[in-house]
Amino acid sequence: MASIAEGQQFNADTLTNQVIGIATDIGQHDSGMHKHNKGQLLYAPVGCISITLDGMQSVLPPTRAAWIPAGMMHCARMRNVVSYRSLYFSTELAMLLPTTMCIVEVNVLLQALIERMAFWDWDKPELEQANTLALFCDELAVAPVQQLHLPLPQDPRLQTWLTALMANDLPPQPLNQLQTEIGASGKTISRIFSRETGMPYQAWRQQWRLLNAIERLAEGQRISTVAFDLDFTSDSAFISFFRQHTGSTPAKYLRYHEQG
């Protein structure tokens with residue numbers, strides 16, 4: 001059985017199958033930080049998953065999937081209903097799969113392969129899996145890697161603010177407002193972000209807004225709502241920002257997986 005009812009307990013590490021796929025619709029959910037002894041591919045054909053791992057945060061709209069190597073701590077969060085797909089791979093398959101975490105584009109073929117494998121019976125004979133598995137490995141190997149990451153600063157002075165930011169889903173304030181809340185100068189905050197994230201604060205703030213916008217749009221929110229909530233002066237200003245960072249308009253970006 002590959003389809004999991006919401007709330008059903010599941011632990012891929014207790015199963016010995018070469019490939020384990022699960023598929024379910026999940027509402028608001030936070031997995032908490034955890035890890036698996038198996039490699040994992042995480043994907044949502046409908047909705048959006050926010051994922052935190054290795055000192056960074058990322059989002060997975062229907063055009064993207066995350067490859068998470070065995071043993072890597074991670075947390076998956078869903079704000080609304082998501083069609084959740086997860087594939088787990090035995091250590092014997094490690095040589096065929098990436099050795100580092102990555103976010104990849106999902107084209108029509110890779111999406112179809114993920115869907116098929118997610119609904120496999122767990123006792124499906126390995127011989128019957130071979131061709132699909134080989135094609136999946138080939139497609140994953142050549143899938144373009146995306147930089148939809150937000151490095152998270154670790155400085156203790158920022159942790160209360162960062163926790164509230166993630167929990168309340170509010171856009172990060174401009175630097176002059178942040179320094180008042182943190183009680184540190186703008187120069188100090190800028191040095192912290194450059195040192196710990198590799199990005200100046202303004203660039204980090206823009207990346208946060210981009211990832212949050214993608215998550216909201218994948219959930220079906222209107223462009224006007226997203227633009228207003230993320231403090232853009234107009235819909236056109238938001239669309240211009242989105243095109244500058246992704247190379248496409250919001251509508252085209254989220255239609256990509258349907259067009260291939």
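Some questions and answers on helix packing, a cavity and a pocket follow.

Analyst: A word on conventions: this is a predicted model, in which local features need pLDDT of at least 70, side-chain atom pairs count only at pLDDT 80 or more, and totals for chains, interfaces and linings use all residues. Residues are numbered from 1 along each chain as its sequence is written, and side-chain values use heavy atoms, leaving out hydrogens and water.

User: Happy with that! Are α1 and α2 parallel, antiparallel, perpendicular or oblique to each other?

Analyst: Helices (H or I, at least four residues) and strands (E, at least two) are DSSP runs, numbered from the N terminus. Axes are lines fitted to C-alpha atoms, for helices over the stretch in contact, and angles run from 0 to 180 degrees between N-to-C directions; under 35 degrees counts as roughly parallel, over 145 as roughly antiparallel, 65 to 115 as roughly perpendicular and the rest as oblique. Helix α1 (residues 108–118) packs on helix α2 (residues 126–142) at about 140°, with axes 10 Å apart. That makes α1 oblique to α2.

User: And which residue classes make up the contact of α1 with α2?

Analyst: Contact means heavy atoms within 4.5 Å. On the α1 side the residues are Leu 109, Leu 110, Leu 113, Ile 114, Arg 116 and Met 117, and they meet Thr 132, Leu 133, Leu 135, Phe 136, Glu 139 and Leu 140 in α2. Ala, Val, Leu, Ile, Met, Phe, Trp, Tyr, Cys and Pro count as nonpolar, Asp, Glu, Lys and Arg as charged, and the others, Gly among them, as polar. The contact of α1 with α2 therefore has nine nonpolar, one polar and two charged residues.

User: How do α6 and α8 lie relative to each other?

Analyst: Their axes are 11 Å apart, and α6 packs on helix α8 (residues 235–246) at an angle of about 105°. α6 and α8 are therefore roughly perpendicular to each other.

User: Which residues of α8 make that contact with α6?

Analyst: On the α6 side are Gln 206, Arg 209, Leu 210, Ala 213, Ile 214 and Leu 217. Their partners in α8 are Phe 238, Phe 241, Phe 242, His 245 and Thr 246.

User: Which element gives the largest share of the lining of the largest cavity?

Analyst: On a 1 Å grid over the protein atoms alone, a cavity is a set of points where a 1.4 Å probe fits but cannot get out, a pocket is an open set with protein on both sides within 12 Å along at least five of seven lines, and lining residues have an atom within 4 Å of a point. The largest cavity is lined by residues including Ser 50, Arg 77, Trp 208 and Glu 215. Two or more lining residues come from each of β5 (56–60) and α6 (201–218). The largest share, four residues, comes from α6.

User: What volume does the second largest pocket have?

Analyst: Grid points are joined across faces, edges and corners, and a volume is the space filled by probe spheres set on the points. For the second largest pocket, the volume is about 300 Å³.

User: Which element supplies the largest share of the lining of that second largest pocket?

Analyst: Of its 14 lining residues, the closest to the centre are Thr 52, Gln 57, Arg 77, Thr 163 and Met 166. At least two lining residues each come from β4 (49–53), β7 (74–78) and α3 (156–168). The largest share, five residues, comes from α3.
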